[in-house]
Amino acid sequence: MNTVVVGLQWGDEGKGKIIDYLCREKDVIVRFQGGNNAGHTVVINGKKFVFHLIPSGILRKGKICVIGKGVVIDPQVLIDEINYLKKQEIDVSPENLKISPFAHVIMPYHRIMDACREKQRIQKIGTTKRGIGPCYVDKIARCGIRMADLINKESFSLKLRDNLREKNPLFEKVYGFKGFEFKEIFEQYQEFARKLAPYVCDLVEFFWKKKNSNFLFEGAQGTFLDVDFGTYPFVTSSSTVSSNALAGSGFSFVKVDQVLGVSKAYTTRVGEGPFPTELKDDTGKYFQSKGNEFGATTGRPRRCGWLDLVLLRRAKILNNVKKIILTKLDVLDGLEKIKVCIDYKIGGSLIKSFPFDLSGAVPVYETLSGWNENIENVRNYKQLPQAAKKYIKRIEDYLECEVEYVSVGQMRDAIIKKSV
Ligand code: GDP
Ligand code: IMO
Ligand code: MG
């Protein structure tokens, strides 16, 4: 069974934890887009692992993890991640970590460009400043540097020279930033190349032979950060929806059997952009502190709000979601009432179809009962409070889509399969 897992909101839905759980029954786990803007958390026996580039399946023995061609790679971050895992005695080697030669490399000028652009913009995006956008720009402009180029000294030298010829005057004249030295970058990246070359391989041939394995595609970010379908321009620079899983990995000979969508039991967003159900009151602060809503990559506080079913319905359609995985239900413990957004009002009238622009959307809420119990230790669906089950049922009915798993805590085993 080949499964794609995507976030249905604005990222940080708990995908890392879910991937770690689901990959027990998979052979190959593939990241297909994004870069180290992602932060996927897995907590095992109280120990926290945050993955930025390596698929979250690396913690399970015998799995092959793949960084596909649609990912952009900051080599320093990847090397740090490999070293960290090795220190924790997690097996990482060219046997179980494979990198596409066609994945693009994030260069120092991408990170600086990301920060400079943000600084100059009147309408800020609130990027992670990891150089993600500028790296994808260069890929499409055909001046990018791929992993295949990084590990080829002549090709790397030529491409780096060409890039600096174009970019240094731009940095100096437009951003008032001193240009980059060829030698410094060249030497540093040659060192990266030496360390990463063993992991780069022809994935197409390798996986063609393994095409009957069970694949798990690990989405990063979330549906509404998609460069096309998201809340543009407050989005990331890659396609985050399920249709990109095969394109971004390059394994079009693999058939996707199902798409699972991960959603929090409420909504969060990091960075700028519209967020109709955002709560700037005490309830928002309650979610933030109880859910520990601080970015796994940048540490920024996440904006919090009620669950938005209008948004989720759109995400379900866009990703062709078969089943939903609802996370962080435990964060709602102790709330007397819980609201869910079931419609938007725009300019005073109820809208029937999803708007092109979310910025003017005012949420219309339905109020449900909360529960007092602490559900973190519940492992059987039947033992959840009635009100929690009603909340889940309302979500299922609205979305016409079943919730398959409910996550009730950070720990690896804090997950409930709904139908046993
Ligand atoms: P991802 O980017 O989608 O993988 O999500 P992040 O790792 O950035 O953020 C999710 C956070 O919620 C992490 O700190 C997880 O450890 C935590 N988490 C995941 N599932 C649950 C859950 O069911 N309950 C609680 N309380 N925390 C959870
Ligand atoms: P995971 O995989 C949440 C957000 C940034 C910013 C916007 C653009 O952990 O769910 P970028 O650096 O990509 O150009 O920033 O996208 N963003 C995320 N928000 N989770 C993520 O990843 C994100 N990756 C990017 O905060 O608003
Ligand atoms: Mg995250």
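Just after α10, Asn-292 takes a positive phi of about 50°; helices and strands are DSSP runs numbered from the N terminus (helices H or I, at least four residues; strands E, at least two). The structure is a predicted model in which local features need pLDDT of at least 70 and side-chain atom pairs pLDDT 80 or more, whereas totals for chains, interfaces and linings use all residues. Residues are numbered from 1 along each chain as its sequence is written, chains are lettered from A and ligands numbered from 1 in the order written, and side-chain values use heavy atoms, without hydrogens and water.

At the other end of α10 (residues 282-290), Asp-281 caps the N-terminal end, with a side-chain oxygen 3.1 Å from the backbone nitrogen of Thr-283. A positive phi, of about 60°, is also found at Asp-12, which is not a glycine. Asp-12 is placed in the loop that connects β1 (3-7) to α1. A cis peptide bond, with omega about 5°, links Tyr-232 to Pro-233, and Pro-233 belongs to the loop between β9 (215-218) and α9 (244-249). Most residues other than glycine have a negative phi, and most peptide bonds are trans.

The shell of ligand 1 comprises 19 residues, of which Lys-15, Gly-16, Thr-41, Asp-330 and Ser-407 are the closest (a heavy atom within 4 Å). Two secondary-structure elements, α1 (15-22) and β3 (40-44), each contribute at least two residues to this shell. Because domain 1 (3-102 + 200-259) and domain 3 (261-417) both give residues to the shell, ligand 1 lies between them; the bounds come from an automatic or database domain assignment. By class, the shell holds four nonpolar, eight polar and seven charged residues (charged: Asp, Glu, Lys and Arg; nonpolar: Ala, Val, Leu, Ile, Met, Phe, Trp, Tyr, Cys and Pro; polar: the others, Gly among them).

Oxygen atoms of ligand 1 lie 2.8 Å from a polar backbone atom of Gly-39 and 2.9 Å from a side-chain N or O atom of Lys-328. A nitrogen atom of ligand 1 is 2.8 Å from a polar side-chain atom of Asp-330. Taken alone, ligand 1 exposes 580 Å², and the protein buries 95% of that area (Shrake-Rupley method, 1.4 Å probe). The space that ligand 1 takes is the second largest pocket.

Ligand 2 sits in the largest pocket. A pocket is an open set of points on a 1 Å grid over the protein atoms alone, where a 1.4 Å probe fits, with protein on both sides within 12 Å along at least five of seven lines; a molecule sits there if more than half of its atoms lie within 2 Å of its grid points. Around ligand 2 are 20 residues, with Asp-12, Lys-15, His-40, Thr-128 and Thr-236 nearest. This shell divides into seven nonpolar, 10 polar and three charged residues.

Polar side-chain atoms approach oxygen atoms of ligand 2 from Lys-15, at 2.7 Å, and from Thr-236, at 2.6 Å. A side-chain N or O atom of Arg-300 is 2.8 Å from an oxygen atom of ligand 2. On its own ligand 2 has 550 Å² of accessible area, of which the protein covers 98%.

Conventions: A polar contact is a pair of N or O atoms within 3.5 Å; within protein, one must be able to donate a hydrogen and the other to accept it, and residues adjacent in sequence count only if both atoms are side-chain atoms. On a 1 Å grid over the protein atoms alone, a cavity is a set of points where a 1.4 Å probe fits but cannot get out, and a pocket is an open set with protein on both sides within 12 Å along at least five of seven lines; lining residues have an atom within 4 Å of a point.
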